[in-house]
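Colleague: I would like to learn how to read a few features in a model like this one. Could we start with a single side chain and then move on to a strand and a helix?

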Amino acid sequence: MRPLISMCIWSFLLIISISTCQAVEPLDDGKLRVCVVESRGSYRKAPQFCPLLAATSNIECLIGVDRLDCVRRIQKGTAHFGVLTSEDLVAARWASAEILVASELRSHESPFEYEIVAVVDNSADIHTVHDLHGAKLCHPGYGLDNHWTEVLADVRTGTLNRLTKSTSTLNRTTHLLQYFESALVAKSCNPEITLTEDRIAASARFFGPSCKAGPWVPDRKQDRILKDRYPSLCQMCYDPYSCDDTDKHWGRRGTLYCLTSGGGSVSWARLDDTRSHFGLAGLKAQDDPEKYSYLCPDGHLQPINVTRPCIWVSKPWPVVAARRSHAAQVQRLITGLTHDEPQSWQNALLSLLETYHVFTVPLDNVISIDDYLDQAVGFQSAYSFPECNPPRSIVVCTTSIIEHIKCSWLQEAAHVYGVEPNIQCVRTTNLEQCMDDTRYKSADVLLVNQDQRVQAQRDYKLTPLLFEFAEQMHDRYVTIALVHKDSKYKSFKDLKGARACLPSYEGAAHLSVLETIVNATGSVHSLHSYFNHNSCIWHPHKGRQCPLHYQGDEGAFRCLAEGADVAFLSSDVYKKYLSGNLTSDWLAPGKHLSYRLLCPYGGIERHSRFEYCYLHWAPRGHLMTHNSSQTRHNEIYNSLRDMDHLFGKKYKSETRPFSLYDIFDKRNDILFKDSTDALLSAHELLRDNAKRSMEHVYERYTAQYYDAEGVYDGAHLASDSCFVLVLVAGVLGLLQR
């Protein structure tokens, strides 16, 4: 009940915050603003066409970070129109955005981007959907990226008898990713296995030997375990053991080869691929179409050469969508756009709107999102699916309104693209409350930085799940040792008795120094015993009480500049100093050569891509979760990796649907760092070329390996002592009864 109440409260606050933004109508200066999202790759169309558009028309460009950023901008009125996919329209509808559909962007004459059919082998004796039990399923598989959405590839959580009921019942089928199987197979919602395994297990029980190649889950070890556990779903693949995305029976055409030459009895395939495969689109037939039929959702069969095949689900085209107040004007504007005049605004606007599409098709009238999507068979119903009860959502804890808003948009985006279990967002007043809620499982995941990791792991018993990895070393937290240029210190051993400055207590630099002392001296030392007693160590109960302006990485640098012997700080601060981008009153101008690096590990490593010698490095973001079952751990891990795959820096779609790691509503580093390149596991961090990742140092510290530091004295010892005293008192009370 507590997490439900919390979610309701913060959802209410979120609605208020969004409504407040919407209430402020931007000034109407008579100009139309198109929201443009750049495509993948190095080519940038905005610099080429936006100046021409502004100079020759009343249309201006507004550059969106991603497509859902354009939805928000159109919703707020700062932009008037842009290009959205059918998935974006679903998210916009859920956000109650006042957006209408004006025109479609097509690459061929078909009324839909693609349509999906079920093809059966006539010799398999399949005459209705009831006969599919035990059938040999040929499935396009996973990891198809642009060719299908995950929602369209399968079909999940339905029952066989639903197909014989009314249309209203059929319309409650689930996500397109699971579409075919969902109409046939009921999931058990077994709490002992992940939702993904539940779906896989249900398919394995319902179908006979099948082929569903490709990565079932992002983690390779888990993928192997599942494929060994449910081998029947790989039995019809060309290579049943590998069962991966290189298999002959994987992919758009692979599912049809599995049917016609691999022994399958039913294939879930795109209509255009089916027609090509059977020689109905000008290509050589791969088999005799007379031997196969379309299986229709209502249970009857159609010949392959039928003019209008029965469709299970259709994917609508991308569209030009506009703010309700400007939709009719936008539709008139883009009707008849051509590339005939290269220097015209018409050519510039069309070039900005197009990706791989070649022509626009205006609708008869501008229509609502629901009316547009309802034209596509099965598309809307694929998003209306029953969840397990209780739901298995991954509760993400945030600490600010802007974080909560971004998290909520991520939730919508992940839902649209079929990530399961999906996330649910809650907000608390501070990080400590988030950690406490996660410890007691009111929340599942939170993000901490490199200096908050120890507190989360030791004091709240949380465990690291994934890490924000950045390719550039300066975007990680890299601890360096900085001394005065003319100082006597040549090695780390020389620093014994030196006056040292650290950014914080129990942060990444602190732990890195402890580990380096062990490596340099062969034994454990506390920082207070190793360095001068006037050092700034920031222990809450020991040593000198330093001025607060010496805290943080820039503070440690200032501490060195104002008389200390050595400072341990992040490399990015030193780089800013050398480049002249670090400006403060305490910095002496023009003295960049006043300091030098101390290299405890022998200078810059061979083959290192980093210009500095350093102690250790750590990711700047650590995704922490509670101690839970391996099953729960796996499904949280895999859902977050799926989101990274869909919305991270290595997204596969033509334009980015949503950005995990980028500016959000003109704010930097919201929820995740903008500089993050991917979410990686601890094992993957070790594969990086840069030596001395800190993960083992965090583990050692929380396990009291550096016990000379007195980690559990002071505040921590007092807290633990209170717990022990209460426990002893309770035991004595029981003994006296």
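**Reading a side chain, a strand and a helix**

Modeller: The side chain of Asp69 comes to 2.9 Å from the backbone nitrogen of Val65. Keep in mind that this is a predicted model.

Colleague: In which helix does Asp69 lie?

Modeller: Asp69 belongs to helix α3, residues 67–76. Leaving aside residues up to four places away in sequence, Asp69 touches Gly64 and Asp665.

Colleague: Is Asp69 buried or exposed?

Modeller: Buried means under 20% relative accessible area. Asp69 has a relative accessible area of 4%, so Asp69 counts as buried.

Colleague: Now a strand. How many residues of β11 are buried?

Modeller: In a regular strand, side chains alternate between the two faces of the sheet. In β11, residues 319–323, five of the five residues are buried.

Colleague: How many bridges join β3 to β11, and how many link β4 with β11?

Modeller: β3 (residues 81–84) is joined to β11 by four bridges, antiparallel, with Leu84 opposite Val319. β4 (residues 99–106) also pairs with β11 in the antiparallel sense, over five bridges, and there Ser103 stands opposite Val320.

Colleague: Which residues of helix α20 are buried?

Modeller: An α-helix has 3.6 residues a turn, so residues three or four places apart point the same way. In α20, residues 552–561, the buried residues are Asp553, Gly555, Ala556, Phe557, Cys559 and Leu560.

Colleague: What do the buried residues of α20 pack against?

Modeller: Their partners include β17 (477–484), β19 (566–570) and α21 (571–578). After α20 comes Gly563, with a positive phi near 125°.

Conventions:
Residues are numbered from 1 along each chain as its sequence is written. This is a predicted model: local features need pLDDT of at least 70, side-chain atom pairs count only at pLDDT 80 or more; totals for chains, interfaces and linings use all residues. Side-chain values use heavy atoms; hydrogens and water are left out. Buried means under 20% relative accessible area, exposed over 50%, partly exposed in between (1.4 Å probe, protein chains only). Helices (H or I, at least four residues) and strands (E, at least two) are DSSP runs, numbered from the N terminus. Contact means heavy atoms within 4.5 Å. Two strands pair if DSSP finds at least two bridges between them. A polar contact is a pair of N or O atoms within 3.5 Å; within protein, one must be able to donate a hydrogen and the other to accept it, and residues adjacent in sequence count only if both atoms are side-chain atoms.
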